[in-house]
Amino acid sequence: MKLAALGEVMVELAPQAAGQSGRAGGQQGKPLLAQSYAGDTYNTAVYVARHGVDVSYVTLLGDDPYSEEVLTILAGESIDTGAIARLPGRCPGLYMIQNTPDGERYFTYWRGEAPARELFADTARREALKAHLRQMDCLYLSGITLAIMSPQARAELLAFLEEYRADGGRVAFDSNYRPRLWASPEAARDAVAEFLRQTDMALLTFEDEQALWGDRRPGSCIKRNTGFGVSELVIKRGAEPVLLQFDGELTALEVPPVASVVDTTGAGDSFNAGYLGARLQGATPERSIAAGNRCAARVIGHRGAIIPRAEFLGAATPAAEAC
Ligand code: ADP
């Protein structure tokens, strides 16, 4: 099974945990920053690949050292980078994490000129990319992928998904609603609804659905998404049971308790990876949810979205059991 994940990977700057550096802080008591890379579909791609599925990551990067390093990291994760276009003179988007005194995390982004925003925009690159995507069994994208694209490029991608599904391809989608990326909630709802109509597996977080659609109860979320024609619907709700609507049946599956939740960054992304990793290797939706929970449990017990590869894979074999 081959999966392509489409979206954006950014440079991340996060305050180092106390004592992590063993050195004094920066100017004016500012914390020292640790640099890494993250992005919702990128996080998922990394963990799906660690489940032993062939993964291609699809984005655009620049020709700077950070773009080079992303390619090196992806290759180290055995992820195919052949469909990643490089734009001369450009560099990836960046975000910083701030820990506020009340324990919350605050995110600031510099991503307006990120090359990933040109996904599916250029005609020649788009045709080459379509040929690549047609070889995949499953495409994975999110509301963030849609939000950073131009409306014209989005329309091209939507038309492609229709054709791709008619040829037997499957589409997995997570709405990942980030209001700041959209001109208005209506614009987000319109775009997300169009793509849900071309989605086979919707892996949604109820909190995002509430923010986007005003759902008060999961029932309205289930009704709306089955109305869009989603045949496999998974609704994540933090520590609350995961809801599965599949084959006309609604099931609530318990989330095993996690003893020490260190950082929930990447919980939904890693759940999706566990789910897709298992599902694409033939597991039932129920077993795939258990795999999603296992993967997310490990990630939230660790600081940051990506657990170092050796640490992650060292814990269990074979790779598919790693989460
Ligand atoms: P998101 O990261 O998109 O906000 P959720 O918070 O719903 O997503 O979490 C996604 C998954 O992560 C859950 O379905 C569950 O598997 C796991 N998870 C999140 N929070 C907890 C928690 N407190 N205890 C156990 N598992 C959790």
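Helix H3 packs through its buried residues against strand E1 (2–6), strand E4 (54–58), strand E9 (138–142) and helix H5 (151–166); contact here means heavy atoms within 4.5 Å. Helices (H or I, at least four residues) and strands (E, at least two) are DSSP runs, numbered from the N terminus. The model is predicted: local features need pLDDT of at least 70, side-chain atom pairs count only at pLDDT 80 or more, and totals for chains, interfaces and linings use all residues. Residues are numbered from 1 along each chain as its sequence is written, and side-chain values use heavy atoms, with hydrogens and water left out.

H3 spans residues 123–133, and its buried residues are Arg126, Leu129, Lys130, His132 and Leu133. They fall within an arc of 155° when seen down the helix axis, so they line one face of H3; the arc is that of the directions from the helix axis to the C-beta atoms. Buried means under 20% relative accessible area, exposed over 50%, and partly exposed in between (1.4 Å probe, protein chains only). On the face turned away from the buried side, H3 carries the exposed residues Ala124 and Ala128.

At the start of H3, a side-chain oxygen of aspartate 122 comes to within 3.3 Å of the backbone nitrogen of alanine 124. Threonine 123, which belongs to H3, is partly exposed, with a relative accessible area of 49%.

The loop between strand E8 (105–110) and H3 contains phenylalanine 120. Although phenylalanine 120 is not a glycine, its phi is positive, at about 65°. Phenylalanine 120 is buried, with a relative accessible area of 3%.

How values were computed
A polar contact is a pair of N or O atoms within 3.5 Å; within protein, one must be able to donate a hydrogen and the other to accept it, and residues adjacent in sequence count only if both atoms are side-chain atoms.
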